[in-house]
Amino acid sequence: MRPIQITVLVSVIRATQLLFLILLAMNTMGTETHYETLLLWPEGAPHAKGTAPKDQPTLKIHRAPSDTATGAAVVVCPGGGFSKLASDGEGLHVAEWLNAIGVSVFVLRYRLRPDYEPTIALKDAQRAIRYVRHHAASFSVDPNRVGVLGFSAGGNLAASAATQYDPGITKASDPVERASSRPDFSVPIYPVIPEEIPRLVTPASPPTFLVATHEDHAPRIRSVLPYYDALLANEVSAEMHVFARGMHGTGMALGDPSLGQWPELLARWLRTHGWLTAKQRTSVRGTVTVDGEPITWGGIALIPEDPNAPVARTYTNGKFSIDAEHGPVPGTHLVEVHLLSRDFSTLSSGNYSMTGTERYRKASSGASAPLLVEIAPDTPLNIEIATK
């Protein structure tokens, strides 16, 4: 394939910003909520001690609006120490927010103490993941983008579901049980993680996004660290945020200038990993020159026109290559080139080679439109910037 020479700029990329989505999500909270409730086991839950509501776990289904739905789905497990459920702040509110960024949500009412131990709650969580995956078509979600998110005790369930799963029981009479119980991603928020869970992490464990606070009680915050270390040791993609302040049980922490950032960080993580789009990523390679010379040291970002698609970024010394796991999706992308150093020989001398980081979003200083490129599989990119 002939390399693409970027010399002509085309239409301006759509200016949809993630922050706008976050603000929109927050502003929709408190409005009338529409959802449906269903039994996880319509014929009666296994190990049930009766037929009362407390004995029959359910899902509250919050569908993302059809015009903005991304196809992603999340099973949400509210916390409450396995003896109650914080279904507002750790259920409904997060469902409304996720709906606003195009994610369909299934809030789990799992079985509680004193009638049921956490092992039964885990069976309910596993069933919920299977149920959503089996009925994905009727819910208009992608069976390969079903995650689990939980708070506190629900965070325990999110971590447990991510380490204790099966591919489905092939010969099960119940078709739901034939679906995999493995979540595609896991989001434990200020979780309580038993000490045996880190030992169950394997390289096949799903990508994980963790949130905790330094202010939280010591056993809780300390339970997160071995889990993250196990993810790291098994090379499982993970991101952890430990905030200095923040009480336990604060949900989305609205109004908190520090801890309240976690929903936006999660939205960025979901986008970065490609959970918010059905498009498949592709590898990309090419060159970057400024005024005809390869850049000494810098970075290149490929920002998609689709606000739900992942941004692909890598560092470069004039040549770059991004594998398919971290690459862009096919389509129109804005190109950003970041120049970090003009002369690598200064690294040993300690001398400066430039006054500050330089960013280029146009092919030349006189161009009126941004620098756009069409990403296609197996098509090299030659990015040419002119400043003179």
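Predicted model: local features only at pLDDT ≥ 70, side-chain atom pairs only at ≥ 80, totals over all residues.

Q: How many of the residues of strand β6 are buried?
A: Strand β6 covers residues 146-151 and is mostly covered. Val146, Val148 and Gly150 point one way, Gly147, Leu149 and Phe151 the other way, and all are buried. Buried here means under 20% relative accessible area, and the count for β6 is six of its six residues.

Q: Which residue of β6 is the bridge partner of Ala73?
A: Strand β4 (residues 73-77) pairs with β6 in the parallel sense, and five bridges are found. Within that pairing, the partner of Ala73 is Val146.

Q: What hand does the crossover from β6 to β7 have?
A: β6 also pairs with strand β7 (residues 186-189), in the parallel sense over four bridges. In this pairing Leu149 stands opposite Val187. Helix α5 (residues 153-163) carries the chain from β6 to β7, and this β-α-β crossover is right-handed.

Q: Which strand runs parallel to β10, joined to it by five bridges?
A: Strand β14 (residues 319-322) is joined to β10 by four bridges, but these two run antiparallel. Strand β11 (residues 293-294) has two bridges to β10 and is antiparallel as well. The parallel partner, with five bridges, is β18 (residues 381-385).

Q: Which residue in β18 is the bridge partner of Gly286?
A: Strand β10 spans residues 284-290, and five of its seven residues are buried. Gly286 has a bridge partner in β14, namely Phe320. In β18, the partner of Gly286 is Leu381.

Q: How much space lies in the largest pocket?
A: The lining holds 29 residues, and Thr272, His273, Gly274, Arg281 and Glu325 lie nearest the centre. By type, the lining divides into 10 nonpolar, nine polar and 10 charged residues. The space in this pocket is about 700 Å³.

Q: Which helix supplies at least two residues of the lining of the largest pocket?
A: Strands β9 (238-243) and β13 (312-316) each supply at least two lining residues, and so does a helix, α7 (262-272). In that helix Trp262, Pro263, Leu266, Ala267, Trp269, Leu270 and Arg271 are buried. Gly274, which follows the helix, has a positive phi near 80°. The helix asked for is α7.

Q: Is Gln56 buried or exposed?
A: Gln56 lies in the loop between β2 (36-39) and β3 (58-62). Its side chain reaches the backbone nitrogen of Ala45 at 3.0 Å. Because the relative accessible area of Gln56 is 11%, and the cut-off is under 20%, the residue counts as buried.

Q: Is Gly298 buried or exposed?
A: Gly298 sits in strand β12 (residues 297-304). Gly298 and Ala309 are 11 residues apart in sequence, and their C-alpha atoms are 23 Å apart in space. The relative accessible area of Gly298 is 0%, so this glycine is buried.

Q: Which residue does a cis peptide bond join to Arg113?
A: Most peptide bonds are trans. Here, omega is about 5° for a cis bond from Arg113.

Q: What is the phi of His47?
A: Most residues other than glycine have a negative phi. His47, placed in the loop between β2 and β3, has a positive value. The phi of His47 is near 70°.

Q: Is Ser140 buried or exposed?
A: Ser140 is placed in the loop between α4 (136-139) and β6. Its phi is positive, about 60°, although Ser140 is not a glycine. The relative accessibility of Ser140 is 56%, and the cut-off is over 50%, so Ser140 counts as exposed.

Notes. Residues numbered from 1 in each chain as written. Heavy atoms only, no water. 1 Å grid on protein atoms, 1.4 Å probe; cavity = no way out; pocket = protein on both sides within 12 Å on 5 of 7 lines; lining within 4 Å. Points joined across faces, edges and corners; volume = space filled by probe spheres on them. Nonpolar A, V, L, I, M, F, W, Y, C, P; charged D, E, K, R; others polar. Buried < 20%, exposed > 50% of the residue type's maximum accessible area, 1.4 Å probe, protein only. Pairing = 2+ DSSP bridges. Right-handed = clockwise from strand over helix to strand, strands pointing away. Polar contact = N/O pair within 3.5 Å; in protein donor to acceptor, adjacent residues only side chain to side chain.
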